[in-house]
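Keep the structure open while you read.

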Amino acid sequence: MALTLNDLRTDALREIGNIGLGGAVTALSDLTGVLFTLEAPQVLPIDASTLPSLCCVAPESLAVGTVSRVNGDWAGEAAFLFPWESACVLWQILVQMSPSGLDALNELYQSVVNEVSNIMLGNYLRAISQMTGFTLQMEPPVFAADMAMALLSSIVVEALYEQRELLAVETAFKTAEHEFRGYFLYLPETGNLEKLFSVLGI
Amino acid sequence: MAEVKLAGMGEIVFARGAGVLGCIGLGSCVGTLLFNPRSHMAALAHVMLPEAHEHDAFTMPGKYATTAVPALLRTLDTPPASASHLKAILIGGGELFQNRSQALRIGERNVSTLRRLLSELRISIVFENTHGSTGRSFEFDLETGLVRVRAVGATPVEKDLSAALGILRKAA
């Protein structure tokens, strides 16, 4: 059963994605000295059929991801996903080296991705909190590197366990200077959506 | 190999006589395959969660361990009372994001629930590649009884289950 939202509410979620991740991407640009830009966010109900269309990465390709729990008025799970090649771009920019493969993925590389997630998510939540007055706290990110589809399904399944219906606000970001794509997913607890819409007056 | 019939999340696929069944990108999900040596049929569910939510257990029985196992039996036309000749394969149930604060351990619970349900029906598990912290894809070929499991950064695991499944392999 798919969650149904009218156009206005879908637009509102998309706009929140835009404003939130706008702040996050500016923070990433400041951190790296490289200009990152956003693509238009998509809002989609999550079920078995929509999952493969989330984050345009080949299902079995190697990817790197983090998940952070967000508590407060708009609680949910926030996840970042980077195709391996894109993660290598981030590592090259931030620590001037990148692992030769999965075996060489040590704690340093993991902490770089965790830090990027932290900074971006912190800015995302700050932007949403300024707009809504919500109080939001994030927990530290948890890192994994594996098949893209296995990462995505693990993220989504944990969220599905707690709720019947699931919605994702997905935003892709990129840079013209490198072959890079990053994906941000926010899986809000659907019970909190009404709270958000009432604050926004829709 | 023939074209693979893939079970997407929560789906059930089946084949009779010949064909290849599989799942791609299993994280905490478990590919649960039952094989009926008498009819040479196999059915595969891509199980996502251990216990059913009421609202979609009927529309998507493959999604939950507790509804997937009975649905697989129905697909194979096997009543529970005579299920003991079926053979099972379990693949997946990894915890990719270790130390997650909520620690739901869905993968582990999927596997333990499936094991319990299969053991209640006296169905033996002839091949299992579960737990750990990696994602997996796999294929099972009905004609040859070969199962092949892939994980990133590791050599694929391949096992000939024809003897365990009572499959007579055609002479080459």
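## Where the chains meet

Across the interface of chain B and chain A, the rule finds one salt bridge. Bear in mind that this is a predicted model. The salt bridge in question pairs B:R150 with A:E60, and the closest N and O atoms are 2.9 Å apart. It runs from A:E60 in the loop between β2 (42-45) and β3 (62-72) of chain A to B:R150 in strand β9 (residues 146-150) of chain B. How exposed are the two partners? A:E60 is partly exposed, with a relative accessible area of 29%, while B:R150 counts as buried at 18% relative accessibility.

As for the contact as a whole, 35 residues of chain B and 31 residues of chain A take part. Together the chains bury about 2,900 Å², with 63% of it on carbon and sulfur atoms. Polar contacts between chain B and chain A come to six residue pairs, both residues being at pLDDT 80 or more. On the side of chain B that touches chain A, the elements giving two or more residues are β3 (20-26), α2 and β8 (136-141) of chain B. The largest share, three residues, comes from β3(B).

## Helix α2 of chain B

Next, look at α2 of chain B, residues 106-120. Which of its residues are buried? They are B:I106, B:G107, B:N110, B:V111, B:T113, B:L114, B:L117 and B:L118. Looking down the axis of α2(B), you find these buried residues within an arc of 165 degrees, so they line one face of the helix.

What does the buried set pack against? In chain A, its partner is α4 (148-162); in chain B, the partners are β4 (30-36), β5 (41-47), α1 (65-75), β6 (87-92) and β7 (124-130). On the other side of α2(B), B:S119 and B:E120 are exposed.

Just after α2(B) comes B:R122, with a positive phi of about 55 degrees. B:R122 sits in the loop between α2 and β7 of chain B and counts as exposed at 60% relative accessibility. B:H131 also has a positive phi, near 60 degrees, in a residue other than glycine. You'll find B:H131 in the loop between β7 and β8 of chain B, where it counts as partly exposed at 25% relative accessibility.

In strand β8 of chain B is B:D141, which counts as buried at 10% relative accessibility. The side chain of B:D141 reaches the backbone nitrogen of B:E143 at 2.9 Å.

## Salt bridges over all chains

Searching the whole structure turns up 13 salt bridges over all chains. One of them joins the side chains of A:E194 and A:R9 at 3.1 Å, N to O. That pair links distant parts of the chain, with A:E194 in helix α5 (residues 193-199) and A:R9 in helix α1 of chain A, 185 residues apart. A:E194 counts as partly exposed at 47% relative accessibility, whereas A:R9 is buried at 18%.

A:D11 and A:R14 also meet in a salt bridge, at 3.1 Å from N to O. These two are three residues apart in helix α1 of chain A, which means they are separated by about one helical turn. Both count as partly exposed: A:D11 at 40% relative accessibility and A:R14 at 32%.

## Two leucines in chain A loops

A:L102 is in the loop between α2 (84-95) and α3 (107-132) of chain A, and is partly exposed with a relative accessible area of 25%. What does A:L102 touch, not counting residues up to four places away in sequence? The list is A:L62, A:W84 and A:A145, plus B:V152 and B:G153 in chain B.

A:L35 lies in the loop between α1 (7-32) and β1 (36-38) of chain A. With a relative accessible area of 57%, A:L35 is exposed. Leaving aside neighbours within four places in sequence, A:L35 is in contact with A:S29, A:K174, A:T175, A:A176 and A:E177.

Technical notes
Residues numbered from 1 in each chain as written. Chains lettered and ligands numbered in written order. Predicted model: local features only at pLDDT ≥ 70, side-chain atom pairs only at ≥ 80, totals over all residues. Heavy atoms only, no water. Buried < 20%, exposed > 50% of the residue type's maximum accessible area, 1.4 Å probe, protein only. Helix = DSSP H or I, 4+ residues; strand = E, 2+ residues; numbered from the N terminus. Arc of directions from axis to C-beta. Contact = heavy atoms within 4.5 Å. Buried area = accessible area lost by both parts, 1.4 Å probe. Salt bridge = Lys/Arg side-chain N within 4 Å of Asp/Glu carboxyl O. Polar contact = N/O pair within 3.5 Å; in protein donor to acceptor, adjacent residues only side chain to side chain.
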